[in-house]
Amino acid sequence: MSKGYWVSVYPTIADSGEFAVYNELAGVAVRAAGGRTIARGGSRVVAHEAGIAERVVLVEFDSFEQAVAAYESAAYQKALAALPDGFERDFRIIEGLG
């Protein structure tokens, strides 16, 4: 079974203090769903082409289906509701190669 991944790129975070509420709730939801944050950063990102050197987060799940279910979970939907105004994100759920 192929692993599943959440890939998030945050080109704009207007208020990092308000973003902390989302981070706390999202972290609890991801861990409860079996997800593992394997990369998170903003200080060491090299962007090429149309890339933006801002915060990037990569979360791994044991399967693609588990990654989708985690996003759709009540706990993660609660985290999404806590996102502050001025928030912008490019988010994908992708299947690993094997």
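**Aromatic pairs and a buried serine in a predicted model**

Tutor: In this predicted model, tryptophan 6 has a relative accessibility of 4% and therefore counts as buried.

Student: How many aromatic pairs does the structure hold?

Tutor: The rings of tryptophan 6 and phenylalanine 61 form one of the pairs, with their centres 5.3 Å apart. This pair links distant parts of the chain, since tryptophan 6 lies in strand E1 and phenylalanine 61 in strand E3, 55 residues apart. The number of aromatic pairs in the structure is seven.

Student: Are the ring planes of tryptophan 6 and phenylalanine 61 stacked, edge-to-face or tilted?

Tutor: Planes under 30 degrees apart count as stacked and those over 60 as edge-to-face. The planes of tryptophan 6 and phenylalanine 61 stand at 50°, so the pair is tilted.

Student: Is phenylalanine 61 buried or exposed?

Tutor: Buried means under 20% relative accessible area. Phenylalanine 61 has a relative accessibility of 0%, and therefore counts as buried.

Student: Which residues form one aromatic cluster with Trp6 and Phe61?

Tutor: Both Trp6 and Phe61 belong to one aromatic cluster.

Student: Which residue has its backbone oxygen 3.4 Å from a polar atom of the side chain of serine 2?

Tutor: Serine 2 is found in the segment before strand E1, and at a relative accessible area of 17% it is buried. Among the residues that serine 2 touches are Asp62, Phe64, Glu95 and Gly96. The backbone oxygen lying 3.4 Å from that polar side-chain atom belongs to glycine 96.

Terms used:
Residues numbered from 1 in each chain as written. Predicted model: local features only at pLDDT ≥ 70, side-chain atom pairs only at ≥ 80, totals over all residues. Heavy atoms only, no water. Helix = DSSP H or I, 4+ residues; strand = E, 2+ residues; numbered from the N terminus. Buried < 20%, exposed > 50% of the residue type's maximum accessible area, 1.4 Å probe, protein only. Polar contact = N/O pair within 3.5 Å; in protein donor to acceptor, adjacent residues only side chain to side chain. Contact = heavy atoms within 4.5 Å. Phe/Tyr/Trp six-rings, centres within 6.5 Å; stacked < 30°, edge-to-face > 60°. Lists of a residue's contacts leave out its neighbours within four places in sequence.
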